[in-house]
Amino acid sequence: MPTKAAAKSPPPAEAPAKREVALEDLAGVGPTTADKLREAGYTDLMELAVASPGDIAEAAEIGTSIAQKIIAEARRAADVGGFEVGTVLLERRKKLGRITTMARSLDELLGGGIETQAITEFAGEFGTGKTQIAHQAAVSVQLPVEQGGLTGEVVYIDTESTFRPERIVDMAKALGLDPTEALNHIHVARAYNSNHQMLLVAKAQELAREKPIRLIVVDSLTAHFRSEYAGRAELAPRQQLLNKHLHELLKFSDTYNAAVIVTNQVSSRPDILFGDPTRPIGGNIVAHASTYRLYLRKSKPPRRIARLIDSPNLPEGEAVYSLTPDGIRE
Ligand code: GTP
Ligand code: MG
């Protein structure tokens, strides 16, 4: 079926970043629908193309079948190298790097360390070491490859003002790195709200064009979203924005072969009678977007336990690590 969108010639394959087709160009999308979609965070075709019909129907207040049609249109129009042959993917996977957590069992649980081209989520209640692990990774990514690093620099998005340069100095010294250099390789930005937090990922892209950024930390991924979108009615917009944020992070990790670490609190589930009555914030959206999800809990101090859940290619399991003055250790 020839359509307005399909008739437009897509940009050449070598310029995948340019997408000239506007939402309004899609058959079935009028100005009102386009505005509603943009308000809900669907600003470009790719986001529409990968959305679910239910989410689009809700965001644009249209029927599911129309939403399905719009998504199909977006997929056609956004097809700027949407497919990659297996050999290309294999080549990209070969470049995949890993960052050591400095705790062997934790590295093993992750299949050899924190992976690039992926999102690794650390979820757990307060004091389980999420921020300490993020600090540790920000230091160990600076090590050479033989020592478990990527000779890389870091973008650190701090939403709770818990970044501590003093901790970086301690951890760098413990690894024989120059503390001043280590600090200068970590580009820290305080995110004042969820909007700002998302904007900082775009800023990180600019930085990554000049510096060898191999790790981006978002500590915490969900805190601002949770406090700003508190009511039940705000759940859908919150999830859509979180989804967009995570996809931008994933895009960053693919483009720059960087690792993404996000931390996540857990919410109380008083309705659960057996097992752990807590679970990570952000529900399915965060669960699906995170490539690796680790659930952290306290053990006999200074020990903590990490459990790997929902991993695509690794067996579920647990690792014990310690929070020491030098950083994370076995
Ligand atoms: P929330 O952000 O509150 O949810 O917690 P979190 O999971 O980020 O916890 P965090 O990483 O801040 O871990 C806190 C724990 O790390 C403390 O209970 C200490 O055991 C340990 N810790 C924090 N700072 C230091 C430090 O300077 N030296 C040492 N030895 N341990 C520290
Ligand atoms: Mg923390």
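Start your tour at helix α11: the buried residues of α11 are covered by several elements, among them β4 (153–158), β5 (186–190), β6 (213–219), α12 (223–228) and α13 (235–255). Two notes before you click on. This is a predicted model, in which local features need pLDDT of at least 70 and side-chain atom pairs count only at pLDDT 80 or more, while totals for chains, interfaces and linings use all residues. Residues are numbered from 1 along each chain as its sequence is written, chains are lettered from A and ligands numbered from 1 in the order in which they are written, and side-chain values use heavy atoms, with hydrogens and water left out.

**Stop 1: helix α11**

Select residues 194–210. Helices (H or I, at least four residues) and strands (E, at least two) are DSSP runs, numbered from the N terminus. α11 has 17 residues and reaches 26 Å from its first C-alpha to its last, close to the 24 Å expected at 1.5 Å a residue; the expected span is 1.5 Å times one less than the number of residues.

Which residues of α11 are buried? Color S194, Q197, M198, L200, V201, A204, Q205 and A208. Buried means under 20% relative accessible area, exposed over 50%, and partly exposed in between (1.4 Å probe, protein chains only). An α-helix has 3.6 residues a turn, so residues three or four places apart point the same way.

Now zoom in on the start of α11, where a side-chain oxygen of N193 comes within 3.1 Å of the backbone nitrogen of N195.

**Stop 2: ligand 1**

Next, select ligand 1 and show what surrounds it: 13 residues, the closest being G127, K130, T131, Q132 and R167. A residue is near a molecule or strand if one of its heavy atoms lies within 4 Å of it. By type, the shell around ligand 1 splits into 3 nonpolar, 6 polar and 4 charged residues. Here Ala, Val, Leu, Ile, Met, Phe, Trp, Tyr, Cys and Pro count as nonpolar, Asp, Glu, Lys and Arg as charged, and the others, Gly among them, as polar.

Which element gives the largest share of this shell? That's α8, with 3 residues. Highlight α8 (130–140) and β12 (317–324) together, as each supplies at least two residues of the shell.

- A backbone N or O atom of Q132 lies 2.8 Å from one.
- A polar backbone atom of G129 is 3.1 Å from one.
- A polar side-chain atom of R167 is 3.3 Å from one.

On its own, ligand 1 has 660 Å² of accessible area, and the protein covers 63% of that. Accessible areas come from the Shrake-Rupley method with a 1.4 Å probe; for residues, only the protein chains shown count as cover.

**Stop 3**

Most residues other than glycine have a negative phi, and most peptide bonds are trans. Jump to S220, in the loop between β6 and α12: the peptide bond from D219 to S220 is cis, with omega near 5°. Then find P302, in the loop between β10 (292–298) and β11 (303–309); a cis peptide bond joins P301 and P302, with omega about 0°.

Select E61 next, in the loop between α4 (53–60) and α5 (64–77). Phi of E61 is near 50°, a positive value. N257, in the loop between α13 and β7 (259–264), has a positive phi of about 45°. Is E61 buried or exposed? E61 counts as exposed because its relative accessibility is 63%, whereas N257 is buried at 13%.

**Last stop: zoom out**

Show the whole protein: 14 helices and 13 strands. Buried residues make up 50% of its 330 residues.

Key: Contact = heavy atoms within 4.5 Å. Polar contact = N/O pair within 3.5 Å; in protein donor to acceptor, adjacent residues only side chain to side chain.
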